[in-house]
Amino acid sequence: MSKDDLRTIWADKASKALVGRTVRYVRYMTEEECEHFGWEAASLVIEFTDGSWLIPSRDDEGNDAGALFTGHEHLPTIPVI
């Protein structure tokens, strides 16, 4: 399978999971959540009204918290804390 095929497959999966969701709340992970994930740092948590959520990770193996880069002029990066 080519990288283009993988991009298409994963973009479709992500679209189905995220498009149309409404953000309910944005916060940083609690100490307990960091401990649960085994992380030293805290990522942003984006919670949606349907109960689903997003937490950025350093990599797809979940090896630590991850920052978010944005397209916002006054908030180009949302850091790990």
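Which side chain meets that of Asp 12 in a salt bridge? Lys 16 does, at 3.2 Å from N to O.

The model is predicted: local features need pLDDT of at least 70, side-chain atom pairs count only at pLDDT 80 or more, and totals for chains, interfaces and linings use all residues. Residues are numbered from 1 along each chain as its sequence is written, and side-chain values use heavy atoms, with hydrogens and water left out.

View 1. A salt bridge is a side-chain nitrogen of Lys or Arg within 4 Å of a carboxyl oxygen of Asp or Glu. Helices (H or I, at least four residues) and strands (E, at least two) are DSSP runs, numbered from the N terminus. Asp 12 counts as partly exposed because its relative accessibility is 37%. Lys 16, at 61%, counts as exposed. Buried means under 20% relative accessible area, exposed over 50%, and partly exposed in between (1.4 Å probe, protein chains only). The salt bridge count comes to 7.

**View 2. Glu 47 and Arg 24 link distant parts of the chain.** Their closest N and O atoms are 3.0 Å apart. Glu 47 lies in strand 2 and Arg 24 in strand 1 (residues 23–28), 23 residues apart. Glu 47 is buried at 15% relative accessibility, whereas Arg 24 is exposed at 52%. Glu 33 and Arg 27 also meet in a salt bridge, at 2.8 Å from N to O. Shared partners join Arg 24, Arg 27, Glu 33 and Glu 47 into one network.

**View 3. Ser 43 is buried in a loop.** The loop runs between helix 2 (31–37) and strand 2 (44–48). Ser 43 counts as buried because its relative accessibility is 0%. A polar atom of the Ser 43 side chain lies 2.6 Å from the backbone oxygen of Pro 56. Beyond its neighbours within four places in sequence, Ser 43 has contacts (heavy atoms within 4.5 Å) that include Arg 27, Tyr 28 and Gly 66.

**View 4. Strand 4 and strand 5 form a hairpin.** Between the two strands lie 2 residues. The strands pair in the antiparallel sense over 3 bridges; pairing requires at least two bridges found by DSSP. His 72 has Leu 75 of strand 5 as its bridge partner. Strand 4 (residues 68–72) is hardly covered, with 0 buried residues among its 5.

Terms used:
A polar contact is a pair of N or O atoms within 3.5 Å; within protein, one must be able to donate a hydrogen and the other to accept it, and residues adjacent in sequence count only if both atoms are side-chain atoms.
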